[in-house]
Amino acid sequence: MYAVIKTCGKQHRVIVDELLKVELLKAEKGETIKFEDVLMVVDGDNVKIGQPVVDGASVEVEVVEHGRGDKIRIIKHNRRKHYHKEQGHRQWYTLLKIKAITA
């Protein structure tokens with residue numbers, strides 16, 4: 001059984017007991033969150049597709065940790081123009097563990 005959820009403007013395919021990295025959520029470590037924006041639920045041959053969300057479906061997750069991802073380096077350079085610019089970025093994330101999918 002799996003589901004497709006929408007969080008932080010992105011869609012994620014989730015399975016029970018899976019770890020999922022999403023953008024930073026305002027929740028404490030160990031807290032349980034319930035996502036109501038379930039776009040699709042698949043249980044074997046039984047497929048429920050929402051328009052836009054499946055009625056009564058939810059995904060329960062537990063916050064495992066908060067952290068920062070790997071550094072991304074941004075380099076801009078124009079040849080023969082004496083222009084060179086470097087910048088770095090590390091995105092905050094929340095690690096979630098999928099506890100239950102209810103249809």
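## Ground rules

The model is predicted, so local features need pLDDT of at least 70 and side-chain atom pairs count only at pLDDT 80 or more, while totals for chains, interfaces and linings use all residues. Residues are numbered from 1 along each chain as its sequence is written, and side-chain values use heavy atoms, with hydrogens and water left out.

## Overall build

Helices (H or I, at least four residues) and strands (E, at least two) are DSSP runs, numbered from the N terminus.

As for shape, the C-alpha trace spans about 60 × 30 × 20 Å along its principal axes. The radius of gyration is 19 Å, whereas a compact globule of 103 residues would come in near 13 Å; that radius is taken over C-alpha atoms, and the globule rule is 2.2 Å times the number of residues to the power 0.38. Of the contacts with a separation of 6 or more, 63% join residues 24 or more positions apart. Contact means heavy atoms within 4.5 Å.

## Burial and the core

Buried residues make up 30% of the 103, with buried meaning under 20% relative accessible area, exposed over 50%, and partly exposed in between (1.4 Å probe, protein chains only).

The largest nonpolar core has 19 residues, and Val-14, Phe-35 and Val-59 have the most contacts inside it. A nonpolar core is a set of buried Ala, Val, Leu, Ile, Met, Phe, Trp, Tyr and Cys residues joined through side-chain atoms within 4.5 Å. Skipping neighbours within four places in sequence, Val-14 is in contact with Tyr-2, Ala-3, Ile-5, Leu-20, Val-59, Ile-98 and Ile-101.

Thr-7 sits in strand E1 (residues 2-7) and counts as buried because its relative accessibility is 6%. Not counting residues up to four places away in sequence, Thr-7 touches His-12, Val-22, Leu-25 and Phe-35.

Ile-33 belongs to strand E4, and with 17% relative accessibility Ile-33 counts as buried too. Leaving aside neighbours within four places in sequence, Ile-33 is in contact with Leu-25, Ala-27, Val-59, Glu-60, Val-61 and Val-63. Leu-96 lies 63 residues from Ile-33 along the chain, yet their C-alpha atoms are separated by 9.3 Å.
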